[in-house]
Amino acid sequence: MDILPSYEQAVSSPDWLDLVAGYVPVVDWPRCCLVDRRFYSRFAPRLWQDPLVTIRRLGLHPNDDLAWYRRFINKHTKSARLKTRSYVRSLDFRDFALRASGLYSSEASERAISESFKHLPQMFPGLICLLVDGHPELNPESLAAAASTSESLQVLDLARCRHELTSKLFTSDLFRGLVYLDISFIPGSVKTAVQLSLNPRLLPDLRVLKVAGREMDNLTASLLFQTFRRQLWSLDLSHNKLGDEILDEIVEHCVSLFTYHTDAHFEKEGKLILPKNVGSRKYGPFEFIEEPTISYRPHDLEKYLSDSPFYTQRGDQTELQEWEAVRPDGLALLRRDDANAAKESLLHEALSGIIGSFSFRGQPGLGSGGLTHLYLNGNRFTVSGVERLIRTSRGRLEHLECDSCFCAPKHIQLGSQLKAMKILGFPGSAPLFRPVVSSAIRSLRVHHSLVTQVPSVTIDGLSSTSATRLAEEKLFRNIRRAYPLALMPDTNPRITSLTLMNIPARSTGPVIERLIRFIDLASAQQKAIKKARTLLRGRGSSVLRGLRHIRLELQPDFSDERNAIAASDEVDFDKLLDPAEDDFNQDTSSFFDDDDDELFGITSRSRATSKTQVKPSNPVANNEGYTHWTSGRLKSYPYSNTNSDYMTHYVDATNSWTNNFYSIPVWIGQGVIGPYAAVNEYMWNVQDPNLRTDVGPATPNHVAGGVPPLTYIFYGAWEAMITPKSSDIREAAKSSTPFRDVATAIKEYRLRTKGTEDHWDGKIELVRMG
């Protein structure tokens, strides 16, 4: 325990030994048990509570794990009293007996643990936590066949088990009290499990469910959502086969109906407005962010203040009613949902008999229930789908993970090799994480482009080095023009932890520069928060913590070798990205073909699908011709038919969010060169009928790029400007711009600022992913 007890705890404890026991080192617990019965009653439960972890802390070497385990099971446990064995509340095999040692082979190790595995509930009737991730040889079916015990398991981690789970596994009373369940990367059907045993009827207390890597499709996920509805507050859907369609069902079935969005903080954060009750299936409701009339300057400190406490007109009401929802004030620590947190919380409750403030159990009220932690890594989502999820989830999400999303516009005709080209990232999503939209968000783990504005690019036949140069030298410039606003620490001071994923191991410059700039801004936020604490001390105001943890996950280093397409002079790069390619309609397919499985590590069988070929309209203008437009008004439609800055666009019921036909005025600009480069290219793109699609409201990024506030634009025409031209790929393939190691550059920067006032003192992690 790192925090000393409060005065109230000190004077209210019936026995001083209860107060100090938590501060006694583990190595002294065995000796304390020998003092007398009073000491034994306090320290024996601690010593036996989590034996596999405790023995490691007492000095057991990993090479001796198996020999010790055999003695523990076959000798010590058999001679121990039932009451003593009931002290065992957790068996954590995750870091235990993972390698062969001494006289025992790996097979002997597996056999020794497997033989005792099915008898564990009878040996230890008080067992509530069982974690076996890392031991795929253990068969959980043997547990289900065990005789019933007085205690039900509450934490069960079976991740990466080799044995297929039967659909009726959770009908056993041993699992009825589960609060935390991890069945990720296990063979077997999730659908039949949900229908027969994985449901609220048999698991009424389940709150955290991890079903990553189960090859779930949209239909199975939909069944899961409709079955558990708002019972879960944490759900891991990573590395499955899910698409955008399922995201709306998450909001409909799993997220609380009570919104955290409010106008109460308009002067500080802005507010959401819906001028017309319209929207699209791709975007969602057409809500705008209305900015305050007086915008806050960077040195304003009010944005670092937490929300005011909850007040009521009734003197006898001290807590919210179940139907009331007030957004979190931003001061409380993020509720953890990992296996360690679940185990620690439940073991502490078992030891003290006091349910903690971050309890995993308990039926949530209407105003505070539903999903708050969501994991979407490694699926088939697009940026528009994830953005719609964030906008429509009523500000309820506290932790969100999504490592990559398709962000390449599907409207662009890219020639016969489009199928082999993927652009991943969140280039323009930063404003969605402002408190006015993401009111409860505290932790993010997302693709690095949210900060760096450099997407991940892969093109079959183009080397990884050339693809990286294309992303940093060409697409970065395009994205900065179209989406000027990247995520900064002050975008939302309530965010305390940020993990950036899929960072390239080496960079030509932009990735390094943007990461360093972000840490600089975190340092500036740190100074401002310290100043706010100094100025507001004693005035009853509470100051937010700001960003305190940054984790940078780097991809494995890539080879400098170029393959044939990168070095060959015979490659037709114009054909690779020629908008007028004749055979486009024959060779172009969806971004969501089964070939994408390999990208996300999905190993399921490919399904034969038939695709309807639709030939697009012939484009009037192309990106290559835009560079020659230097003056004069555009003469193609729609500018040839109107002198207005707007045109009327009709949306049919099949694409409408409300299932109603409607018309809407869409801003197209004056059709003449102006001061904003993004607007100029947008107007050029509007001439193409294939790009006059996907109407939506202007976001803060569009407004920063020159679009008038509170107007509607064609997203197809706007998104098209980030697409690389054929000349861009040609230049990237032949470029020799040197690379710098990203990790080395970050370390050098940290050394330069160490000991100075510009040093950010939060926790920063650099991790090279496998």
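**Ground rules**

I noted that this is a predicted model, in which local features need pLDDT of at least 70, side-chain atom pairs count only at pLDDT 80 or more, and totals for chains, interfaces and linings use all residues. I count residues from 1 along each chain as its sequence is written, and side-chain values use heavy atoms, with hydrogens and water left out.

**Entry 1: the whole chain**

I looked up the secondary structure and found 29 helices and 24 strands in the chain. Helices (H or I, at least four residues) and strands (E, at least two) are DSSP runs, numbered from the N terminus. The chain has 770 residues, and 55% of them are buried. Buried stands for under 20% relative accessible area, exposed for over 50%, and partly exposed for what lies in between, with a 1.4 Å probe and protein chains only.

I then looked at contacts, meaning heavy atoms within 4.5 Å. Of the contacts between residues at least 6 apart in sequence, 78% join residues at least 24 apart.

**Entry 2: confidence**

I checked pLDDT, the predictor's confidence in each residue, from 0 to 100. Its mean over the chain is 84, and 82% of the residues reach 70 or more. Residues 560–616 have pLDDT below 50, and the model gives this stretch 110 contacts beyond near neighbours in sequence. Residues 411–419 also stay under 50, with 43 contacts beyond four places in sequence.

Is aspartate 92 buried or exposed? I find it buried, at a relative accessible area of 7%. Aspartate 92 sits in strand E1, residues 90–92.

Which side chains does the side chain of aspartate 92 meet in polar contacts? One is that of arginine 94, at 2.7 Å, and another is that of lysine 343, at 3.0 Å. A polar contact is a pair of N or O atoms within 3.5 Å; within protein, one must be able to donate a hydrogen and the other to accept it, and residues adjacent in sequence count only if both atoms are side-chain atoms. Leaving out residues up to four places away in sequence, aspartate 92 touches Asp50, Leu52, Val53, Leu131 and Lys343.

Lysine 343 counts as buried because its relative accessibility is 8%. Beyond four places in sequence, its contacts include Asp50, Val53, Ser90, Asp92 and Arg94. From lysine 343 to tyrosine 180 the C-alpha distance is 9.0 Å, although they are 163 residues apart in sequence.

**Entry 3: tyrosine 375**

Tyrosine 375 lies in strand E11, residues 373–375. It is buried, with 9% relative accessible area. Among the residues it touches beyond four places in sequence are Lys210, Asp236, Asp337, His399 and Glu401.

**Entry 4: backbone in the loops**

- The peptide bond from tyrosine 637 to proline 638 is cis, with omega near 10°; proline 638 is in the loop between helix H24 (623–626) and strand E19 (646–651).
- Phenylalanine 185 is not a glycine, yet its phi is positive, near 55°. Its loop runs between strand E4 (180–182) and helix H11 (190–196), and at 35% relative accessibility phenylalanine 185 is partly exposed.
- Arginine 394, again not a glycine, has a positive phi of about 60°. I place arginine 394 in the loop between helix H16 (383–392) and strand E12 (399–402).

**Entry 5: helices**

Helix H25 (residues 677–686) is mostly covered, with 9 of its 10 residues buried. Tyr682, Met683 and Trp684 are among the buried ones.

How do helices H18 and H19 cross? The axes of H18 (residues 464–482) and H19 (residues 510–535) come within 10 Å and cross at roughly 45°. Axes are lines fitted to C-alpha atoms, for helices over the stretch in contact, and angles run from 0 to 180 degrees between N-to-C directions. The two helices are therefore oblique to each other; under 35 degrees counts as roughly parallel, over 145 as roughly antiparallel, 65 to 115 as roughly perpendicular and the rest as oblique. Glu472, Phe476 and Arg480 of H18 meet Pro510, Val511 and Arg514 of H19.
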